[in-house]
Amino acid sequence: MKDALIIGAGPAGLMAAEVLAAAGMTVTIVDAMPSVGRKFLMAGKSGLNLTKNEDPDSFLAAFGDISGAMRDAVTAFGPVEIMAWADGLGQPLFTGSTGRVFPKSMKASPLLRAWMARLTDLGVTLQTRWRWTGWEDGQAVFDTPSGRTTLNPSRTILALGGASWSRLGSNGEWAKYLTDDVAPFAPANMGFVVDWSTHMAPHFGKPIKSVALYAGDTVSRGEAVISAQGLEGGGIYAISRALREGAALRIDLMPDWPVSKIAAALSRPRGKTSLSNHLRKTLRLDPQRIALLSEFGRPFPDDLAPLIKALPIPHNGPRPIDQAISSAGGVMFSALDGFMLKSHPTVFVAGEMLDWEAPTGGYLISGCLASGRAAALQAIAG
Ligand SMILES: Cc1cc2nc3c(=O)[nH]c(=O)nc-3n(C[C@H](O)[C@H](O)[C@H](O)COP(=O)(O)OP(=O)(O)OC[C@H]3O[C@@H](n4cnc5c(N)ncnc54)[C@H](O)[C@@H]3O)c2cc1C
């Protein structure tokens, strides 16, 4: 019986372990951290968005321009399969109004517990506090609590994660142990730095609702949050890739009103009312949207309506990568044959450490599960 080593116990590594063990391989998982799935558990803190329940074409489109292997993996293990898998672990799910799929408990911990129990039943063994530090004479080398150890399994799956939230284990240091092509890491699904004036301080922590956020032609109708550092939240994450790639940020403060309707409302006699009150009364703009208009719209033009439809927001680029939900960059698909490292034909790579990115909405965990499964299937076949 072949033995397999999984390095990295996040969703990608655990899925690979499940597939390999179910195929009869002797499987060991090692992880540098004292416990498994720390980022997965963190993802569950704000509601574990496991996948997106939508048609296959829309689902695939969210991954952008991905390699054939990744495309096949995501197609073979998409939302339907992921929901069935979670159900099989005894985790009831629900689909929200936008198609996002969550466990009914919202948390990741019950699912992770059930998953680890399944892996134990399949005979998978786990070593924590084992840090992979590269290869020596073809053997995988680890720093462990009892010193330096080497392993020489017949198959290895690297599932070491990306380069954000390093305190949860995924610090991207693995890149220095690979001689293969690794695209530089960049933040993905992140906030942006905005140098607010002091007038904005009362709005820190408040949401910007009912707006459309634009990065060039890319639009998001999600909510953003004003923070002391800038703008964050799902609405901004959704357009963060386009912003990172240089598109300008602008906000339509009234996306459901055409410019003519706004202009007509604003032309009503104002009397002695302040402009803020006039905006509030005629357009029903809330304090956050009025504050943004004051912050970046001054000096006000005579015709405010076009500005309300396209308010430019100057920003100073992404927040640091360690604070990003995920990272772009990683092992390039050109270094791989499917999911196998061309330089190490018994080593396969899965999860966020691969050079693909996707928006939030369940696509990240879905891509990790799908690539973990596909890497394992290739390891079994090879
Ligand atoms: C706050 C937050 C919320 C999120 N919410 C969602 C969500 O709702 N839905 C969604 O789809 N995605 C979400 N994500 C993203 C998702 O959690 C990640 O994309 C996913 O966990 C990546 O899985 P992975 O298995 O590739 O890597 P990881 O989960 O990062 O696991 C990698 C593992 O490798 C280990 N490791 C690293 N280096 C070494 C080494 N040298 N030796 C040994 N072990 C090592 C790490 O300790 C870690 O356990 C969220 C992320 C964050 C930060």
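**Strands, helices, domains and ligand**

Biologist: Which residue in S17 stands opposite Val193?
Modeller: Strands are DSSP E runs of at least two residues, helices H or I runs of at least four, both numbered from the N terminus. Strands pair if DSSP finds at least two bridges between them. S12 and S17 (residues 230-232) run antiparallel, joined by two bridges. In S17, the residue opposite Val193 is Gly230.

Biologist: What kind of model is this?
Modeller: Residues are numbered from 1 along each chain as its sequence is written. Local features need pLDDT of at least 70, side-chain atom pairs count only at pLDDT 80 or more, totals for chains, interfaces and linings use all residues, and the model is predicted.

Biologist: Which strands stand at the edges of the four-stranded open sheet?
Modeller: The order is S12-S17-S16-S13, with antiparallel pairing. Each edge strand has a single partner, so one side of each lacks a neighbour in the sheet. The edges are S12 (192-193) and S13 (207-208).

Biologist: In S5, which residue is the bridge partner of Thr51?
Modeller: Another open sheet has three strands, S3-S5-S4, with antiparallel pairing. S3 (51-52) and S4 (93-95) are its edges. S3 pairs with S5 (residues 100-103) over two bridges. The partner of Thr51 is Val101.

Biologist: Which residue takes a positive phi in the hairpin of S7 and S8?
Modeller: Four bridges join S7 to S8 (residues 139-144), and the two run antiparallel. Two residues lie between the strands. Most residues other than glycine have a negative phi. The residue with a positive phi of about 50°, though not a glycine, is Asp137.

Biologist: Where is the cis bond to Pro299 placed?
Modeller: The bond from Arg298 to Pro299 is cis, with omega near -10°. Pro299 sits in the loop between H11 (287-297) and H12 (305-309).

Biologist: At what angle do the axes of H1 and H13 cross?
Modeller: Axes are lines fitted to C-alpha atoms, for helices over the stretch in contact; angles between N-to-C directions run from 0 to 180 degrees. The axes of H1 and H13 come within 7 Å, and the angle is roughly 35°.

Biologist: How many residues of the contact of H1 with H13 are nonpolar?
Modeller: Contact means C-beta atoms, placed from the backbone, within 7 Å. Met15 and Leu20 of H1 are among the residues involved, as are Ile365 and Leu369 of H13. Nonpolar covers Ala, Val, Leu, Ile, Met, Phe, Trp, Tyr, Cys and Pro; charged covers Asp, Glu, Lys and Arg; the others, Gly among them, are polar. Three contact residues are polar and one is charged, and the nonpolar count is 14.

Biologist: How many Å separate the centres of the two domains?
Modeller: Bounds come from an automatic or database domain assignment. Domain 1 is 3-187 + 324-381, and domain 2 is 192-312. Five residues from each take part in the contact. Over C-alpha atoms, the separation of the centres is 39 Å.

Biologist: Which element supplies the largest share of the shell around the ligand?
Modeller: A residue is near a molecule if its C-beta atom, placed from the backbone, lies within 6 Å. Of 36 residues around the ligand, Gly8, Gly10, Gly161, Gly169 and Gly351 come nearest. By class, the shell has 20 nonpolar, eleven polar and five charged residues. The largest share, five residues, comes from H2.

Terms used
Two residues are in contact if their C-beta atoms, placed from the backbone, lie within 7 Å.
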